[in-house]
Structures are given as C-alpha cells and as structure tokens.
Amino acid sequence: MQDIALSLTMLMVIALPIGAFVLWTRGGTTKQVVLMLVLAVIMALNVAIWVIPTSSGTAPVKQELR
C-alpha cells in the first residue's frame with residue numbers, strides 16, 4: 001500500500017509543475033501557479049523523507065508498520 005501512495009505522490013510531483021506552467025501560459029492567477037509549485041516541492045520532500053535511508057541504513061518506508 002505504501003508503494004502505491006509513494007508512486008501516486010511522485011506522479012503528482014511531476015504533474016503539478018506541468019499544470020502550473022500550462023496555467024501560467026494561459027494567463028492564470030499567479031497565486032495559484034505559485035501554490036501548485038510549492039505543493040509539488042512539499043510532496044517531493046515528503047517522498048524523500050520516506051525513501052532516503054537513515055544513519056542506520058534503512059529507509060522508513062522499509063520498516064514494518066506496527
């Protein structure tokens with residue numbers, strides 16, 4: 001289940017900047033474009049937190065949920 005959530009999050013990290021660019025080129029609100037880009041960065045950081053190994057060598061996504 002975690003793999004699906006991380007995969008969907010990464011797809012959104014790719015789709016949000018593309019959508020922000022399209023919105024910007026069509027004259028959309030700058031506030032919405034900036035918020036879409038900020039959300040993409042936050043989602044990418046969340047994935048990085050779960051995937052990058054800790055000092056013990058294991059990633060949090062590999063640990064069993066209790």
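Okay, let's start with what's inside: of the 66 residues in this protein, buried ones make up 17%. Keep in mind as we go that this is a predicted model.

So, the overall build. The secondary structure comes to two helices and zero strands. If you trace the C-alphas along the principal axes, the protein spans about 45 × 25 × 15 Å. Its radius of gyration is 15 Å, whereas a compact globule of 66 residues would come out near 11 Å. As for contacts, take those with a separation of 6 or more: 42% of them join residues 24 or more positions apart.

The accessible surface is about 5300 Å², and carbon and sulfur atoms account for 71% of that. One bit to look at is a nonpolar surface patch of about 540 Å², built from Ile14, Ile18, Phe21, Val22 and Trp24. Ile18 sits in helix H1, and Phe21 and Trp24 are in helix H1 too, which covers residues 2–25.

Are Phe21 and Trp24 buried or exposed? Both are exposed. They're three residues apart, which is about one turn of the helix.

How many aromatic pairs does the protein have? The count is one. It's Phe21 with Trp24: the ring centres are 6.2 Å apart and the planes meet at 50 degrees, so we call the pair tilted. Edge-to-face would need an angle over 60 degrees, and stacked one under 30.

How values were computed
Residues numbered from 1 in each chain as written. Predicted model: local features only at pLDDT ≥ 70, side-chain atom pairs only at ≥ 80, totals over all residues. Heavy atoms only, no water. Phe/Tyr/Trp six-rings, centres within 6.5 Å; stacked < 30°, edge-to-face > 60°. Helix = DSSP H or I, 4+ residues; strand = E, 2+ residues; numbered from the N terminus. Buried < 20%, exposed > 50% of the residue type's maximum accessible area, 1.4 Å probe, protein only. Patch = residues over 30% accessible without salt bridge, like charges linked within 9 Å, V, L, I, M, F, W, Y side chains within 5 Å. Areas by Shrake-Rupley, 256 points an atom, 1.4 Å probe, with all protein chains shown as cover. Salt bridge = Lys/Arg side-chain N within 4 Å of Asp/Glu carboxyl O. Rg over C-alpha atoms; globule rule 2.2 N^0.38 Å. Contact = heavy atoms within 4.5 Å.
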